[in-house]
Amino acid sequence: MSIAANLGGITARLPPSVTLIAVSKTRPAEAVREALAAGQVHFGENYAQELRDKADEVGKGPIWHFIGSLQRNKVKYVVGRASLIHDVDSFALAEEIGKRSGDRPTGILVGVNMGESQKSGVAPAEALELCKAVMALPGVRLRGLMTIPPATDDPEGAAPCFAELADLAARGRADGLPLTELSMGMSHDWPVALRHGATMIRVGTAIFGARAPREPAT
Ligand SMILES: *Cc1c(COP(=O)(O)O)cnc(C)c1O
């Protein structure tokens with residue numbers, strides 16, 4: 001299947017209110033251009049330098065999302081290129097994003113950790129506190145929550161995590177927080193996430209095909 005056919009198969013099943021983020025990590029700029037030519041606009045990367053290099057190589061067209069866990073010393077590669085940073089899990093990280101953004105605020109999602117296997121994200125019990133804290137930062141604009149559920153063989157296994165994230169966002173909204181976006185769902189489980197109210201799904205393999213294992217980070 002071609003990138004265009006894969007994209008078409010997914011978008012045909014999405015309500016127009018849901019944003020499909022094509023996760024282009026490890027793919028060359030050429031693959032991004034191919035998806036762009038097929039009408040895809042939103043792209044996601046999870047390594048800061050890779051986002052910088054690909055965004056600069058592709059140039060105008062894509063709206064970039066940073067979906068990986070972000071170290072503070074790499075914020076400089078992402079701010080100004082990514083329209084939304086998905087996995088903000090500490091006040092210090094939000095502060096650094098805000099500082100680098102200056103008077104052009106960067107959109108952020110607070111990343112919520114739903115299982116021990118994840119290396120990023122705040123505990124559900126602390127997520128809304130972090131949301132309230134980042135509201136005080138002029139350089140960031142809080143837009144919602146994201147999660148990466150622990151891996152399960154059965155996509156339905158992620159359902160409780162998606163439900164919990166949706167519930168957390170509803171509680172935050174009731175408290176006045178602007179948690180409109182729910183970034184959840186990947187190639188194998190996005191239909192489950194959709195059922196639980198995802199507004200953004202992050203899909204790599206089902207669009208671009210299987211990834212080669214990544215070289216060790218340098
Ligand atoms: C790689 C990645 C995805 C996409 O995963 P696929 O299974 O290839 O769809 C989604 N979200 C995050 C955070 C990722 O790192």
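Visitor: Which residue forms a salt bridge with Lys54?
Guide: This is a predicted model, where local features need pLDDT of at least 70 and side-chain atom pairs count only at pLDDT 80 or more, while totals for chains, interfaces and linings use all residues. Residues are numbered from 1 along each chain as its sequence is written, and side-chain values use heavy atoms, leaving out hydrogens and water. A salt bridge needs a side-chain nitrogen of Lys or Arg within 4 Å of a carboxyl oxygen of Asp or Glu. With its closest N and O atoms 2.8 Å apart, the pair joins Lys54 to Glu45.

Visitor: Is Lys54 buried or exposed?
Guide: Buried means under 20% relative accessible area, exposed means over 50%, and partly exposed lies in between (1.4 Å probe, protein chains only). Lys54 has a relative accessible area of 6%, so Lys54 is buried.

Visitor: How many residues apart in sequence are the parts tied together by Arg143 and Glu181?
Guide: Arg143 forms a salt bridge with Glu181, with 3.3 Å between the closest N and O atoms. Strands here are DSSP runs of E, at least two residues long, and helices are runs of H or I, at least four, both numbered from the N terminus. Arg143 lies in strand β6 and Glu181 in strand β7, so the distance along the sequence is 38 residues.

Visitor: In which helix is Arg195, the partner of Glu156?
Guide: The closest N and O atoms of Glu156 and Arg195 are 2.9 Å apart, a salt bridge. Glu156 sits in the loop between β6 and α7, 39 residues from Arg195, which lies in helix α8.

Visitor: How many disulfides are there?
Guide: A disulfide is a pair of cysteine sulfur atoms within 2.5 Å. The sulfur of Cys131 is 17 Å from its closest cysteine sulfur, in Cys161, and that is too far for a bond. The count is zero.
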